[in-house]
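Subject: A structure for you to explore

Hi there,

Here is the structure I promised to pass on to you. Have a look at it first, and then read my notes below with the viewer open beside you.

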Amino acid sequence: MFELVEGERGATLTVSGELTIQNASVFRDALREWVEKSDVLHLDLGGVTDADLTCLQLVCSAHRSMMNMKKNLNMASGLPGSIIKTAREAGFVREHGCRGEESNNCVWIIRDEVGK
Amino acid sequence: MDKFREAFREEAHELLAELETSLLELEKEPGDEDLIGRVFRAMHTLKGSSGMFGFDDIKKLTHDIENVYDMVRSGKMAVNSALIDMTLRACDEVKKMVEAEEDGEAVPESEAALAISGAFRSLLEDFRGEAKPEAAHDGRVPRADEEKKEGNAHTYRISFRPAADIFLSGTNPLLLLNEVRDLGLCDIVARTEQIPSLNEIDPEACYTGWEVMLTSEHDINAIRDIFIFVEDQCTLDIEDITDDSGDEEAREDRKLGEILVKRGDISEPDLRKILDSHKKIGEILVESGVVGAEKVEIALAEQKHVREVKQRKQVVEAAASIRVPAEKLDRLVNMVGELVTVQSRLSQISTQRNDPLLIQVAEEVERLMADLRDNTMSIRMLAIGSTFSRFERLVRDLSAELGKDIVLKTEGAETELDKTVIEKLNDPLVHLIRNCIDHGIEAPAVREAAGKPRQGTVLLAAEHAGAHVVITIRDDGAGLDGEAIRAKAIERGIIAPDAELSERELYALILQPGFSTARKVTSVSGRGVGMDVVKKGIDALQGTIEIISKKGKGSSIILKLPLTLAIIDGLLVRIEESYFIMPLSAIEECVELTNADIARAHGKCIAEIRGEIVPYLRLRDAFAFAGQRPAIEQIVTTRINGGRVGFVVDQVIGGHQTVIKSMGQMCKDIKTVSGATILGDGTVALILDLPKIVEQAEREEAVGRNNSRY
């Protein structure tokens, strides 16, 4: 479900399967560990087949944690449809990041999705 | 006030027609919630409007019916045929009440209306009596749509923040949000500011809250009902922010800052201070730390939502129809007709003068005129579906009366036809469908014995074919009995005993006045007037009838009608110095007729055209022109009543957009001419009624034959 590859340009955490409340603790732990260890973390959620609100909250939390530590969290291959769908349902998709200018790389700014 | 009552009457007729259609569909699909909803809404609107315009009796009656359908709608009462019957009878009664008012009669509450009202009330009372014990345990949460305020949209601002432990109770807040979405136009923004860092986060807790902007016709209780099971586990704040005027315009123009002030997120002095700079208000506010980026996002969502509501409203308003009296449309069409004539004069004069400037203007006018004509005509076009839906009731009632099981299927209800044509088509169609039911389709037992399904089918189909509409009435009944028709025609002296007729000609005999092979006269048909009425009706519409039938399999009656009666496509022809218009719909082709052709026919008025012998009529003889016929004439061949007939003229000039002018009372006895038109140079051209010319020629020939016997 979780796989980590360390590269020259930072670590890549690849997540697959269901990211729902059943796996939320494991996901939180994996994120916590690699957010601590990496200056730049690439999060690849392309293989996530199902996501719920806990997943969205954890992604948000990881992003904020890294911003607070002046680190970078990047979404490696864009968000998969499963997460975009939940993000839209939950009203997470937005036009501006929640912390103003410094968060223009907010995970939930999904240009193509806005207005759909 | 009368104008408003008139508007109500028109609306009532529409609602009743819709009710009848929905009820008949509901009878077939008794569990269809959409149909139940349609019936309820139509009844509800009828009640509301009748009350508003002082039709208290209608209001009382519809109120009782609405109560019953409310039970149906909530799933507490089932739909059955008896209920549909009762409701259809009630619709008839309401129709009578509306019509009586139209005629200016005072309308005492009729006994029938009272009886129907009473029947619905007792149905409800009986049901409540039976259902009470169960209802006590029901505990059902009313469905949101039961509290819908029709046509009265409100905008709500909903703040929803579930408790952190809401997931532990198995509640998924996203499902609640989806239910809110179902209520109307909805914008949802998550408030994520409380989501902590990874070190502090409980992965199974809910840190998210939501700000929802909802524009819906449902009332506030419908929204509260969604959250009813989590009300102890959340903070819920619902505010109706609809402008008192019901106008969203002012809200749209409200700037972001004003929204934030109104929401209490910032103070007005802070806003003013910030407005002195030139950056975007959202950026400035966030940078200044006066308000969080998330709150700006929420306010932006509100702004966007209101803008969208307004845009949708504008679209709806733009698409909304207006009611215009039919006479006004008729006048408009007449004026356009006059303009078409004037324009064609202008085109003719410009060509004669050969003035490039004038030709340019004439062409421009011609182009605009064509658009104006098409647009005006399209305004008068109505979908034939409204007429079709009336026949569902006819088929249902008649088949029940005759103990037959018949279903009416329709195709092409969206096909558009000129309003006048649709109105005049009603009677012929009624007769044709009655005939299908009475003579065409057999009794269920007879059908079964013949290996057919017990249920007979009548198909009513319409489709466009060029400038025409083809209407087909097909049944899968016994088909026409050619022998019986022949025998009857001989008995009545319509044909000679040795007459050789094609199948098409034989079937066309049933269109003769007084012709009926029905052995018994029923209340439905058999008096031999039906098909005559059909023929007259269709002739008056410049249409044609074709009958196809197969014994034991069924019959099809195909009506071909022009799209409009105001302007038709015609063929302009000339005899001597007179001009005539032949309706293009009946015309097949034009061929030359030379002296050699005439000689070959040995004096008979027949010509061989594409291997087929076609009889022809010389119009110069029919209209008694004195001059010499030209050496080369033209035969215009037509298809009339299933047969091919040629009309000989001196010259075929070409196609002509013909604005039909009536001939007036003085000429009402001239059957062979159906109207007149004015040509570009002001000359009058008569519009020929080709079937009538053929009939007259046949009559004259028969008289000639009889005279020669003595």
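Chain B contains 23 helices and 21 strands. Please keep in mind as you read that this is a predicted model. Of the 710 residues in chain B, 46% are buried. If you take the contacts in chain B between residues at least 6 apart in sequence, 70% of them join residues at least 24 apart.

Let's begin with the sheets. As a reminder, the strands of a sheet pair through backbone hydrogen bonds, either parallel or antiparallel.

One open sheet in chain B has five strands, in the order E6-E8-E9-E11-E10, and its pairing is mixed. Which strands sit at its edges? They are E6 (406-411) and E10 (544-550) of chain B, each of which pairs on one side only. On average, neighbouring strands in this sheet are turned by 15° against each other, ignoring direction. Two helices of chain B pack on this sheet. H15 (residues 385-401) touches E6 and E8 of chain B, and its direction makes about 170° with that of E6(B). H16 (residues 419-440) touches E6, E8, E9 and E11 (554-562) of chain B, and its direction makes about 20° with that of E9(B).

Inside the sheet, you can follow E8 (residues 456-465) and E9 (residues 468-475) of chain B, which pair in the antiparallel sense over eight bridges. To find one of these bridges, select Ala462(B), whose partner in E9(B) is Ile471(B).

Another open sheet in chain B is also built from five strands, and its order is E19-E12-E13-E21-E20, again with mixed pairing. Here the edge strands are E19 (651-659) and E20 (673-678) of chain B, each pairing on one side only. Neighbouring strands are turned by 35° against each other on average, direction ignored.

You can walk through part of this sheet strand by strand:

- E12(B) and E19(B) pair in the antiparallel sense over eight bridges, and Leu572(B) stands opposite Gly654(B) in E19(B).
- E12 (residues 567-575) and E13 (residues 578-583) of chain B run antiparallel and are joined by six bridges, with Ile575(B) opposite Ser578(B) in E13(B).
- E13(B) and E21 (residues 684-688) of chain B run parallel and are joined by three bridges; there Phe580(B) stands opposite Leu686(B) in E21(B).

Next, some helices. In chain A, H2 (residues 53-68) and H3 (residues 81-89) pack at an angle of about 95°, and their axes are 10 Å apart. That angle makes H2(A) roughly perpendicular to H3(A). Which residues meet there? Leu53(A), Cys55(A) and Leu56(A) in H2(A) meet Ile83(A), Thr86(A) and Ala87(A) in H3(A). Sorted by class, this contact has five nonpolar residues, one polar residue and no charged ones.

Back in chain B, H11 (residues 281-288) has these buried residues: Ile281(B), Gly282(B), Ile284(B) and Leu285(B). Looking down the axis of H11(B), you will see that its buried residues fall within an arc of 165°, so they line one face of the helix. After H11(B) comes Gly289(B), which has a positive phi, near 75°.

Leu260(B) lies in helix H9 (residues 256-263) of chain B. Is Leu260(B) buried or exposed? Its relative accessibility is 0%, so Leu260(B) counts as buried. Setting aside neighbours within four places in sequence, Leu260(B) is in contact with Asp265(B), Ile266(B), Leu285(B), Val291(B), Lys295(B) and Ala299(B). Leu260(B) and Val296(B) are 36 residues apart along the chain, with 7.7 Å between their C-alpha atoms.

Ile226(B) belongs to helix H7 (residues 220-226) of chain B. With 8% relative accessibility, Ile226(B) counts as buried. Not counting residues up to four places away in sequence, Ile226(B) touches Leu176(B), Glu179(B), Val180(B) and Leu183(B). Ile226(B) and Leu175(B) are 51 residues apart in sequence, and their C-alpha atoms are 9.8 Å apart in space.

Enjoy exploring!

Best wishes

Definitions and conventions
Residues are numbered from 1 along each chain as its sequence is written. Chains are lettered from A and ligands numbered from 1 in the order in which they are written. This is a predicted model: local features need pLDDT of at least 70, side-chain atom pairs count only at pLDDT 80 or more; totals for chains, interfaces and linings use all residues. Side-chain values use heavy atoms; hydrogens and water are left out. Two strands pair if DSSP finds at least two bridges between them. Helices (H or I, at least four residues) and strands (E, at least two) are DSSP runs, numbered from the N terminus. Axes are lines fitted to C-alpha atoms, for helices over the stretch in contact, and angles run from 0 to 180 degrees between N-to-C directions. Contact means heavy atoms within 4.5 Å. Angles under 35 degrees count as roughly parallel, over 145 as roughly antiparallel, 65 to 115 as roughly perpendicular and the rest as oblique. Ala, Val, Leu, Ile, Met, Phe, Trp, Tyr, Cys and Pro count as nonpolar, Asp, Glu, Lys and Arg as charged, and the others, Gly among them, as polar. Buried means under 20% relative accessible area, exposed over 50%, partly exposed in between (1.4 Å probe, protein chains only). The arc is that of the directions from the helix axis to the C-beta atoms.
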